[in-house]
Amino acid sequence: MNAASETLLSVDGVSLSFGGVKAITDVSFDIRKGEIRAIIGPNGAGKTSMLNVVNGFYHPQHGRITYKGKTRPRMRPYQAASQGIARTFQNVALFRGMTTLDNIMVGRTLKMHRGLFWQMLRYGPAMREEIEHRRVVEDIIDFLQIESIRKTPVGKLPYGLQKRVELGRALAMEPELLLLDEPMAGMNIEEKEDMCRYILDLNKHFGTTIALIEHDMGVVMDLSDRVVVLEYGHKIADGTPEVVKADPKVIEAYLGVGH
Amino acid sequence: MFYRETGQFKQSYAADQAVFPILQDRIGLAIILLVAFVVVPLFGNEFLLASVMVPFLILSLGAIGINILVGYTGLLSLGSAAFMGVGAYSAYKLSTIFPGVNILVWILCSGFFAAGVGVLFGLPSLRIKGFYLAVATLAAQFFLQWCFVRISWLYNDNPSGAIEVPARTLFGIAITGPSATPVTRYLVVLAIVVVMTLLASNIVHGRIGRTWMAVRDMDIAAQLMGIRLLPAKLLAFAVSSFYCGVSGALMVFLWLGAAEPSAFDIKLSFLLLFMVIIGGLGSMIGSFFGAALIHILPIVIRMLPEALGLPIAAATVEHLTYLIVGGLIIFFLIVEPHGLARLWQIAKQKLRVWPFPY
Ligand SMILES: Nc1ncnc2c1ncn2[C@@H]1O[C@H](COP(=O)(O)OP(=O)(O)OP(=O)(O)O)[C@@H](O)[C@H]1O
Ligand SMILES: [Mg+2]
């Protein structure tokens, strides 16, 4: 990515605490349009909390978030969604009682507008809308190679596939900013490779900006354009993978984890 | 062998997004409708029509209402009988204030009153969930039932405290009141229930239905998809209460003929909840299965000893009925929480692969 590309999201001096627990302390960083930005750090560093701040689940006590040029004190999750922020969860958060197809169709909710009257008739405009979005969803299903589990209730799927369906659901929102919370956790090598390929494809072909939390350093180094490192809620490093990897503070934080 | 979808390749997403994508299901539905609209009225006796089918259909409609709220949206409600009462009382008031308008119009309109009241009592659902929400709806149940007893305007100051259904006609044929025949009442109820079931089924298969199920399964993720919880939940309360309201109005106008406030007490709420649990949470057909089991099974059990010539006292049979139905409820809660609808699914799956085990 070129360094001149514009900033999509910037986080300025954000602090978040739960009662006495300080999850994030005065963290600032930015995400540029079209890049893959990794957020790494040891367990409990505040990575997930950071994503929750970005998409409006948590409201930080201090600091500001600027997204697409607009600074805001607080935002609701549905506002984040309607402005193009999508997200997957560390612990898969699918709609367990629904099929793969329906799960991904839910991702189209914001783009569907026919009200109760037409929905009730399921005819004419409502049916046309349903088919139009089904087509988009089928493209996503093709892309993620999950054709065979289209009609399977997601609760019955193995973990790796669930993660893939969750990615599909996020993609259905056609996000500008995609937040992925450990998308490869608990996967085997092949599944990880597939997932990496999807992430790269998304970024290269659709220009989706991606913020990625990941523990596998190999994956992080390969995929990301820039990395921000958190530890105990503080930012300890920020820069290209090479720079971050050589940073003594990062090496210290990860000491004993293979570095 | 006969229940196969092989060879039925869906050529379009339209065909695959249909509510009944499999041909055999559509044929089955057509047969059921034919039997319901033609065979039953032609050959059914008065008992079958008036005491079995009419109540079964009306309870099914109420069960659909509750299923929308409890099964599809995951909001536990114990106030459904009260919402049925709102439907019944508003249909009664409207039909006595404006006797010139057709009664069916008022029965359907009563749904809107129930929906309004439902939304009002659904407001706390944004903040509270599960058990606590159930308690809040219980408050609705008691408050509304208190209104039915205390506000004499609701039953036109009738000294008995009951609402009595005025005789009304449709195209010159009596459909309510003592002169309405069981066949006409059955056909009117059937038509309303079929149409409303179709509409409900369309709703739950489309965007709105998916929204409800998303809220039920994982409300955090639902919000992330851009779903606002309060409007989604209130819509579920509104639609659900609409169905309960119409069901309540039908209950008084086309089944009981008159009703006291106690007709809408907590027992009815529980009965409907049982129907939905046994039939299958989040399943349209399950609502019918549940209503059949809870309403028709006891009738069958009551008639069995006589039919078989067994000398069992009526009181004993009554107790047996409670035992069996109660046992079934516990059985389903433990063994098959998805209810009869799931058993039906499994049976269909078995049929699909028959004669092979997989
Ligand atoms: N809802 C909450 N209530 C209280 N404390 C919380 C909450 N969410 C997070 N925390 C605390 O904030 C800190 C950061 O948690 P967070 O989940 O953001 O870490 P993480 O970097 O995602 O860790 P992991 O790698 O284990 O996922 C932890 O100490 C955690 O206990
Ligand atoms: Mg985390």
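**A tour of two domains**

Begin by colouring chain A by its domain assignment: domain 1 takes residues 1-84 + 175-259, and domain 2 takes 94-172. Keep in mind as you look around that this is a predicted model. The centres of domain 1 and domain 2 of chain A, taken over C-alpha atoms, lie 27 Å apart.

Next, turn to the place where the two domains of chain A touch. Here, 18 residues of domain 1 are in contact with eleven residues of domain 2. The size of an interface is often given as the accessible area lost when the parts come together. For domain 1 and domain 2 of chain A, the buried area is about 1,200 Å², and 71% of it is on carbon and sulfur atoms.

Now select Arg164(A) and Asp194(A). They form a salt bridge, with their closest N and O atoms 3.3 Å apart. Between domain 1 and domain 2 of chain A, the count is one salt bridge. There are also five residue pairs in polar contact between these two domains of chain A.

Which elements give two or more residues to the side of domain 1 of chain A that touches domain 2 of chain A? Select helix 2 (77-82), strand 7 (177-181) and helix 7 (189-206) of chain A to see them. Helix 7 of chain A provides the largest share of that side, seven residues.

For a last stop, colour this side of domain 1 of chain A by residue class: you will find ten nonpolar, two polar and six charged residues.

Methods:
Residues numbered from 1 in each chain as written. Chains lettered and ligands numbered in written order. Predicted model: local features only at pLDDT ≥ 70, side-chain atom pairs only at ≥ 80, totals over all residues. Heavy atoms only, no water. Domains from an automatic or database assignment. Contact = heavy atoms within 4.5 Å. Buried area = accessible area lost by both parts, 1.4 Å probe. Salt bridge = Lys/Arg side-chain N within 4 Å of Asp/Glu carboxyl O. Polar contact = N/O pair within 3.5 Å; in protein donor to acceptor, adjacent residues only side chain to side chain. Helix = DSSP H or I, 4+ residues; strand = E, 2+ residues; numbered from the N terminus. Nonpolar A, V, L, I, M, F, W, Y, C, P; charged D, E, K, R; others polar.
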